[in-house]
Amino acid sequence: MFMKLFAQSGLLVSLLIAAGAFAQSPYEQINRVRADPPCPAPAVREPLRRNEALERAAGLLAAGTDLDASLKQAGYRAARSSVVRMASNVPPAELITMFAQRNCALIVEPVFIDIGIHLQAGAITALLAQPFTPQVVQSQEDAGNNVLALVNRARAVARRCGDKPFAAAKPLSRSAMLTLAALSHAADMARNNYFSHDGRDGSNPAQRVERAGYRYRATGENIAAGMNTAELAVETWIKSPQHCANLMSPAFTEMGVAFAIDPRSQLGVYWSQSFGAPR
């Protein structure tokens, strides 16, 4: 019974608008505050978009379902979300005005793109969210050059990787074959939604660079996931003792790196970095 009520959360808002309960829709009122806020706000703020899935999730939240379960049942995947509830025995239009003004700092937050509202007698539940849209703003070529520069900057300075000290090492150069091996593994992880040095076909890092045509004296691999910039990927590797050891190893003279994206996967963006020293 209550699931039917939740599915009609957006309909309830529409019916209240049609009945003249609001001079403006709740979404228009909230976006008016977002456009001209009574609180300090960032300069760039696009209007919040009404989202039917978030309306369903807001209805579930109003009935006591937790946030993660509400978003999952409603079919909305969020990178970031925030829920606000408010109750007061005032007319609906006045309630929305009070809500928007009292939650100004949240409403003007530019990271939020979508909004869903659930209204019931004397209460509002609003759910603001940033959709999960994994992306890397750089091209493969630019990201590869960026990673190479960051890695060589790190190798130029002596450091400890966990308990193991490393002297400064010579800079690496990029290898097209190692890049091909890295891209193959990143794409496989993204497509098949896993995160491991072991490929879905049972391959290990050495076998993958051999498949790409690379004949090596030494080879190694770093992987990362969820990072949307080359800087974050390299920063993560430096902080990890084993990945840092690969990055600083004097045994390697070349590297290749690539990323792959699949919004259906758990982590969205997958990185693979292959190291080598040719025979």
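Biologist: What makes the contact of Asp 114 with Arg 49 a salt bridge?

Modeller: This is a predicted model, in which local features need pLDDT of at least 70 and side-chain atom pairs count only at pLDDT 80 or more, while totals for chains, interfaces and linings use all residues. Residues are numbered from 1 along each chain as its sequence is written, and side-chain values use heavy atoms, with hydrogens and water left out. A salt bridge is a side-chain nitrogen of Lys or Arg within 4 Å of a carboxyl oxygen of Asp or Glu; the closest N and O atoms of Asp 114 and Arg 49 are 2.7 Å apart, so the pair qualifies. Asp 114 lies in strand 3 (residues 114-120) and Arg 49 in strand 1 (residues 49-50), so this pair ties together parts that are 65 residues apart in sequence.

Biologist: Why is Asp 114 called buried?

Modeller: Buried means under 20% relative accessible area, exposed over 50%, and partly exposed in between, with a 1.4 Å probe and protein chains only. Asp 114 has 3%, and is therefore buried, whereas Arg 49 has 45% and is partly exposed.

Biologist: How do you know that Arg 191 and Asp 188 are separated by about one helical turn?

Modeller: They are three residues apart in helix 9, where helices (H or I, at least four residues) and strands (E, at least two) are DSSP runs numbered from the N terminus.

Biologist: What makes the second largest pocket a pocket, and which residues line it?

Modeller: On a 1 Å grid over the protein atoms alone, a pocket is an open set of points where a 1.4 Å probe fits, with protein on both sides within 12 Å along at least five of seven lines, and lining residues have an atom within 4 Å of a point. The lining includes Asp 188, Asp 201 and Arg 211, and helix 9 gives the most to it, with five residues. About 160 Å³ of space lies in this pocket, a volume being the space filled by probe spheres set on the points, which are joined across faces, edges and corners.

Biologist: Which salt bridge does Asp 201 form?

Modeller: Asp 201 pairs with Arg 211, with the closest N and O atoms 2.7 Å apart. Asp 201 lies in the loop between helix 9 and helix 10 and Arg 211 in helix 10, so the pair ties together parts 10 residues apart in sequence.
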